[in-house]
Amino acid sequence: MDVWILESAQAVAVKAADICAELIQAKPDARLGLATGATPQALYAELVRRNQLGQLSFARVETFNLDEYLGVGPNQPRSFHHAMRDSLFDHVDIDPINTHLPAGDAADPAAEAAAYDALIKARGGIDLQILGIGRNGHIGFNEPGSSLRSRTRVKTLSRATLRDNQLGKPDFEAPVMAITMGIGTILDARALLVLATGWAKAPAVAAALEGPLSARCPASAIQLHPDATVVLDPAAAADLRLTEYYELVDRARRHLASH
Ligand code: GLP
């Protein structure tokens with residue numbers, strides 16, 4: 001696991017954009033796994049900025065989002081489809097046909113979930129999966145107790161997640177279920193890019209990176225991935241115990257880069 005503790009949330013976004021850009025430059029038809037929520041918004045803004053400056057093209061990029069609310073159609077304002085168009089797809093040169101999210105309004109949600117999992121495999125798998133972490137340690141909508149080998153399926157949201165999703169949005173009626181990639185599906189990605197910013201995430205980040213591998217903290221499954229990069233601001237990193245080691249690694253990295 002490669003842990004970066006950077007000076008600010010903006011620095012986290014820039015580092016994450018650098019990692020995405022490096023992949024897309026090396027592989028213009030890269031398959032990116034995307035997340036919603038507040039955390040990746042600054043990353044998406046940075047990707048839009050680079051695209052509009054002509055530095056980065058999404059013309060051949062294909063994307064797969066982690067999840068979508070159950071019973072919510074793609075044009076409903078509270079859908080993740082809508083959120084993704086709003087924050088990224090509508091502002092870059094991506095072909096909408098190459099942007100995938102589970103259909104929350106599918107007549108048969110279990111079949112839709114299985115088909116989504118199969119589609120990811122059929123397209124060749126995800127090259128880089130971007131992940132945020134819920135305050136309760138969830139990734140996607142894999143709530144505490146989720147099987148560490150789960151595939152894309154319907155999950156019921158925890159009370160904590162419902163509360164978090166409602167925060168600051170009095171008119172938002174938070175759906176109680178979602179279709180989410182499973183933890184096994186997420187771990188199939190060739191590389192993971194985990195982002196967390198702010199004090200509220202500090203306990204979940206510590207449990208994910210340094211706690212025991214446990215379904216109690218679904219994000220701890222990233223410990224099983226051979227190519228996981230975690231980018232944090234100081235607040236999100238506040239509860240980590242191995243900080244001295246991460247700093248040592250950082251110094252070694254800079255030393256290598258300067259030679
Ligand atoms: C949401 C999403 C996750 C996201 C997480 C954290 O409910 N399903 O994909 O990473 O919770 O959200 P935020 O970044 O807003 O804190």
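The legends below describe close-up views of a predicted model. Local features need pLDDT of at least 70 and side-chain atom pairs count only at pLDDT 80 or more, while totals for chains, interfaces and linings use all residues. Residues are numbered from 1 along each chain as its sequence is written, and side-chain values use heavy atoms, with hydrogens and water left out.

**View 1. The salt bridge between R151 and D117.**
The structure holds 13 salt bridges (a side-chain nitrogen of Lys or Arg within 4 Å of a carboxyl oxygen of Asp or Glu). In this one, the N to O distance is 3.0 Å. R151 lies in the loop between strand 6 (128–131) and strand 7 (153–156), and D117 lies in helix 4 (residues 109–122), so the pair ties together parts that are 34 residues apart in sequence. Helices (H or I, at least four residues) and strands (E, at least two) are DSSP runs, numbered from the N terminus. D117 is buried at 8% relative accessibility, whereas R151 is partly exposed at 30%. Buried means under 20% relative accessible area, exposed over 50%, and partly exposed in between (1.4 Å probe, protein chains only).

**View 2. The salt bridge between D164 and R135.**
Here the N to O distance is 2.5 Å. D164 belongs to helix 5 (residues 159–166) and R135 to the loop between strand 6 and strand 7, so the bridge ties together parts that are 29 residues apart in sequence. D164 is partly exposed, with 24% relative accessibility. R135 is also partly exposed, with 45%.

**View 3. A network of salt bridges that links D2, D250, R253 and R254.**
Within it, the closest N and O atoms of D250 and R253 are 3.2 Å apart. These two residues are three residues apart in helix 8 (residues 243–257), which means that about one helical turn separates them. Both D250 and R253 are buried.

**View 4. The largest nonpolar core, with 39 residues.**
A nonpolar core is a set of buried Ala, Val, Leu, Ile, Met, Phe, Trp, Tyr and Cys residues joined through side-chain atoms within 4.5 Å. Among the residues that touch the most other members are L34, L88 and F58. Elements that each supply at least two residues include strand 2 (31–34), helix 2 (41–52) and strand 9 (191–196). Helix 1 gives the most, with eight residues. A second, separate core of 34 residues includes F64, I120, I133 and A237.

**View 5. The surroundings of F58.**
Leaving out residues up to four places away in sequence, F58 touches I24, L32, L47, N51, V92, D93 and I94. Contact means heavy atoms within 4.5 Å.
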